[in-house]
Amino acid sequence: MCLAVPHRIVRVDGNEAIAEIGSIKKKVRLDLLEDVRIGDYVLIHAGFAIEKLSVEEAEDILDAWKEIEEAQNEG
Amino acid sequence: MRAIPLKLIEDLRNLNVSRPLRFMEVCGTHTVNICRFGLRSIFPKNVELRSGPGCPVCVTPASAIKIGVDLALSFEKTIVLTYGDMMKVPGPTMTLADAKARGGRILSVYSVVEAIDLAEKERDFKIVFLGVGFETTAPSSAWAIKEAKRRNLKNFFLASFHKLIPPALEILASERTLDGFLCPGHVSTIIGLKPYEEISKRHKIPCVISGFEAEDIIIAMLKLIEMAEKKEYMAFNAYKRAVKEKGNIKAQELLKEVFEEEDTEWRGLGIIPKSGLKIKEEFSDFDAKIAFKIKDESVKDIPGCKCGEVLKGQIYPYECPLFGNSCTPEQPVGPCMISSEGSCAAYYRYGGLIEP
Amino acid sequence: MIKLDHGSGGEKTREIIERLFLPAFRNPILERLEDSGRMNGLALTIDGYTVKPIFFRGGDIGKLSITGTVNDLAVSGAKPKAIAVSIIVEDGFSEEKLERIISSMAKVSREVNAPIITGDFKVVNKGEVDEIFIITSGLGEIFYPQLGAEYVSAGDKILVSGPLGDHSLAVMGERYDVELPEGFESDCAPVLDLVEAITRIGGVKWMRDPTRGGLAATLNELAKATGKEIIIDEEAVPFRKEVLDFCEIFGFDPYHLASEGRFIAVVDREMVDEVLKIIKKHPGGELFKVIGEISQNEKSRVIVKTRFGGLRLLDPPRGELLPRIC
């Protein structure tokens, strides 16, 4: 159910935008989000941006694990 | 691709688990990725991960396929569009792909946007979109209805078979056979944490929202095991980069504006109260079920097919007597074998747990 | 009823060949189900081309039709000597397009020294074919006969001649309306030169070009033909980033995407280092890679070692490639 892939927005034109994943560019719709800007990373599902990815979180998936590990060590 | 720290794999493999734990991955993409990455072979011995009902194509009742087939074959100047996954799902008479081979106008698309564009271009044709999918996909169907209204496209119709995940989790949790849910990442992107928090509390079951990279799944599993061991009955977000606590409010509002909840049939699970999305009266001009006077008749499940039990996590796909015998991706009996997200297909194609 | 899936090059194609065509036409050469039929030092092959769009990045249906046929001969260890062509177009088809297409055909035919010595041209009512279909047949002289599943044994290495799936992306990119980076092209090209280089010192036991159905179909055919287990290393299989990104977006499996200028070779374990040394020095051979090997197990299947050390089956494609929502 969850094929949704992070893309970077490279052009915005109203509720339409061009998003890029790696070197491939694709038209996407922004109707499900507020205030999407060039450079934002968004999740795309079936042609629609469904969420902006927070960059700090995206930087390191493993942060979440570090937290868990620390909690376990305490426990 | 980032290399996953071996330590993470070792941590999971060697984790001491005090009692047998049975979890469920709710989402079909999790099922596929767990098989594709070969992750089952690194789970601790007494941890079981069952596959759930989160493949939208699998839980769409056979009657939906029949509706698509009838629309394409019995109505003049009508084009049926749907997602690729739906094309080969067995229906009571035939698949959509069969209907296409018989001359029915059926197209598979990547996005509902293509249906709207086609409706604009082909004004003489009626364009019917078969909308399947959960909270992740339903907002785009809601958008399509509003867009058709805005552009005055009187030839666009949606047949909504959209479904909601939390009511299905309620039913599964209430059976008390599971020790935790690995929750679907992108459904959660839309709905946020609250629905899981309620289920966790009410049924004393931990919920962890997971992303789809192998790292995400391993981390979420570690957390789920920890919570089950400590009996922490709450919802934990292990996919913070894509899931906000309150979810996508704009998408939620759009869903509320266009759809209302109704009791609906899930293949294998029966009728689940308030788990379906029906087009509101205000938008009924675009409701294919009304425009084409479709009666949504329940179709009996196929004899011998255990997709229902697979979708509830009661059995593993290979425990179904048809699995790999009379039911294969070439000759599927039930939907779980044909959908790319179906548990049976994932086990069949990737081999589940491979014995060297 | 015949469905699109039956023509997709995957399991369904195999199934219908075994159920319908083999019993009707059965003979010892056809039974081998190889890319060409081989007899009396000659190899004969035929293929129909229906690609849409007919012009794509890095080629067109004409270039593809000659390349595909000469490649089928090359991986059968044969040097193409002559080609026969049948072209069917619909009423109203553009003459300018036809000219471009046949000039690409002529170019490849000259390049590999295989003249088109006979042909046929038909025009049908509009809609009876979609623009243009081309059928090409090639006759080749076998220069390397010791190829076949029966030569393959445990420990042999599996080589691929370069990144896979570029052709599918060049074609599907247009169908799915994505913008590909400047310079990205189909890999569509004759492989004869590389096949001649790699077979020079022997040791090559089996070859196939991973066209329709991709690496997954090719390796599953090998597993079926040999009855052996094949193990490949996920991290070793070369794909361009564009191909992987495209698969991410639409939910395709890169192992199912077609190449039209690559081939897979099974090479004797004892000789693989020597063979690699030679081919890497050959122009265009730098991209060769070992991706896996034939295992000791007599289980007819293909296994992928994932980057996490997990194991999974490499599934043959099961029909038309369709985008997924989920």
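This is a predicted model: local features need pLDDT of at least 70, side-chain atom pairs count only at pLDDT 80 or more; totals for chains, interfaces and linings use all residues.
Let me begin with chain C, where five strands form an open sheet in the order S1-S2-S7-S5-S6, with mixed pairing; strands here are DSSP runs of E of at least two residues, helices are runs of H or I of at least four, and both are numbered from the N terminus, while two strands pair if DSSP finds at least two bridges between them. At the edges stand S1 (37–39) and S6 (116–124) of chain C, and because each has a single partner strand, one side of each is left without a neighbour in the sheet. From one strand to the next the twist averages 15°, where axes are lines fitted to C-alpha atoms, for helices over the stretch in contact, and angles run from 0 to 180 degrees between N-to-C directions.

Residues are numbered from 1 along each chain as its sequence is written, and chains are lettered from A and ligands numbered from 1 in the order in which they are written.

Within that sheet, S2 (residues 42–49) and S7 (residues 132–142) of chain C run antiparallel and are joined by eight bridges, and Leu44(C) is placed opposite Leu139(C) in S7(C). Helix H2 (residues 61–74) of chain C lies across S2, S5 (78–90) and S7 of chain C, at about 30° to S7(C). Helix H3 (residues 95–111) of chain C lies across S5, S6 and S7 of chain C, and runs at about 175° to S5(C).

What domains does the assignment give for chain C? It gives domain 1 (35–142) and domain 2 (149–313), the bounds coming from an automatic or database domain assignment, and the centres of the two domains of chain C, taken over C-alpha atoms, are separated by 24 Å. To their contact, domain 1 of chain C brings 22 residues and domain 2 of chain C brings 20 residues. On the domain 1 side, the elements of chain C giving two or more residues are H2, S5 and H3, with the largest share, eight residues, coming from H2(C). By class that side of domain 1 of chain C has 10 nonpolar, six polar and six charged residues, where Ala, Val, Leu, Ile, Met, Phe, Trp, Tyr, Cys and Pro count as nonpolar, Asp, Glu, Lys and Arg as charged, and the others, Gly among them, as polar.

Turning to the contacts between chains, 34 residues of chain B touch 23 residues of chain C. On the chain B side, H2 (28–36), H5 (96–101) and H16 (343–350) of chain B are the elements that give two or more residues, and H2(B) gives the most, with four residues. That side of chain B divides into 17 nonpolar, 10 polar and seven charged residues.

The contact between chains A and B takes 26 residues from chain A and 41 residues from chain B. S4 (41–45), S5 (48–52), H1 (55–59) and H2 (62–74) of chain A each supply at least two residues of the chain A side, to which H2(A) gives the most, with five residues.

As for chain B itself, there are 16 helices and 11 strands, and its radius of gyration is 20 Å, close to the 21 Å that the globule rule gives for 356 residues, so chain B is as compact as a globular protein of that length; the radius is taken over C-alpha atoms, and the rule is 2.2 Å times the number of residues to the power 0.38. Buried residues make up 60% of the 356 residues in chain B, a residue being buried if 20 or more other C-beta atoms, placed from the backbone, lie within 10 Å of its own, exposed if 12 or fewer, and partly exposed in between.

Finally, some backbone details. Most residues other than glycine have a negative phi, and most peptide bonds are trans. Arg176(B), which is not a glycine, has a positive phi of about 60°; this residue is found in the loop between H8 (165–174) and S7 (180–184) of chain B, and counts as exposed because it has 10 C-beta neighbours inside 10 Å. In chain C, the peptide bond from Lys52(C) to Pro53(C) is cis, with omega near -5°, and Pro53(C) lies in the loop between S2 and S3 (55–56) of chain C.

Definitions and conventions: Two residues are in contact if their C-beta atoms, placed from the backbone, lie within 7 Å.
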